[in-house]
Amino acid sequence: MSWITLNELSTVNLHTAILNELEINKISLLQVVYSFFCKILNININIYMFKITPYGFMGGLGTFLGLSLLKTKTINMFIALILTMLLQPLLCSKCLGNFSLSAFIGIFPLMLLLFVLDCDLLKNCIIVLSLMFAVGRIGCFFAGCCTGKPCNPLFPLGINYKKGSVVVDKYYKKNTCVYPTILLEILLQFILTYLVWASDYGLSIFGIGNAILLYLTGIWRDQCRPNSWRSITGLILFSILSYLKCGKGQTKYDLKFNPDLISLIVAIIVSVFLSNDIFFK
Ligand SMILES: [Zn+2]
């Protein structure tokens, strides 16, 4: 399966495509913006046998920004991550050997709670995780993997996906216009990141906010996540337990940006994995 959305949108014929669509008066402002971003993110870089797609690039960027904002990278975080990957099938039966975002988000915060004992560092981890999700979700917009339901092409904010996107290649097999719910998800995920960072109760907000988001996406998404109720339960449990453990936190948590080689290497690995569909399905 290919994650690339841009096969059809080569730099050369992109303007023609936009102009043609403008002429038939079917294109929304969002589609122009979408095409523009596709153009600047037209980065199907090939490294030996691997490619880097816009989806993988955004995942890598989110990882790099997130890891650079971590105060310390402890072995305990790594243990929490490995355990989360092993426990994933509890929340999503098809996730054995794969990566599922909803199963991940249902377990990883609880594992961090268990292994990151310092509340200050826990808050740091959760802010970073929120930011990684928000930036990574921009990749979903390009890949067409987490879209809204199909809509009339005349819908003012509809997003038009073409061959090479997940929604077309995997489900509809033809050009499809969908409701722009993914843009709403990205926006909400960034708002949530801000609240997690700014509020004294950021840890609890992270769990409840993501639980609400999972519930809402279950309603408005075209392809629903499996068993999201289990992830919602995990997230609410995290909110309660983190409040009991840490209570009131630090207002406007002091973040420091320290990019280093480890962050860059991990980001590149994530980018390659996401771009080449290794484990991430
Ligand atoms: Zn997605």
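A nonpolar core is a set of buried Ala, Val, Leu, Ile, Met, Phe, Trp, Tyr and Cys residues joined through C-beta atoms within 7 Å. Here, buried means that 20 or more other C-beta atoms, placed from the backbone, lie within 10 Å of a residue's own, while exposed means 12 or fewer, with partly exposed in between. The model is predicted, so local features need pLDDT of at least 70 and side-chain atom pairs count only at pLDDT 80 or more, whereas totals for chains, interfaces and linings use all residues. Residue numbers start from 1 along each chain as its sequence is written.

Let's begin with the core. The largest one holds 60 residues, and those touching the most other members are Ile107, Phe108, Leu112, Leu122, Cys125, Ile126 and Val128. Helix H6 (residues 119-143) gives the most to this core, with 15 residues. Helices (H or I, at least four residues) and strands (E, at least two) are DSSP runs, numbered from the N terminus. Beyond its neighbours within four places in sequence, Leu112 is in contact (C-beta atoms, placed from the backbone, within 7 Å) with Ala80, Leu122 and Cys125.

Now follow the chain to helix H11, residues 261-275. Its buried residues are Ala267, Val270, Ser271, Leu274 and Ser275. Looking down the axis of H11, these fall within an arc of 120° (taken from the directions from the axis to the C-beta atoms), so they line one face of the helix. They pack against strand S2 (50-52) and helix H3 (54-68). On the face turned away from the buried side sit the exposed residues Leu261, Ile262 and Ile265. Just after H11, Asp277 takes a positive phi of about 60°.

Terms used:
The expected span of a helix is 1.5 Å times one less than its number of residues. Two residues are in contact if their C-beta atoms, placed from the backbone, lie within 7 Å.
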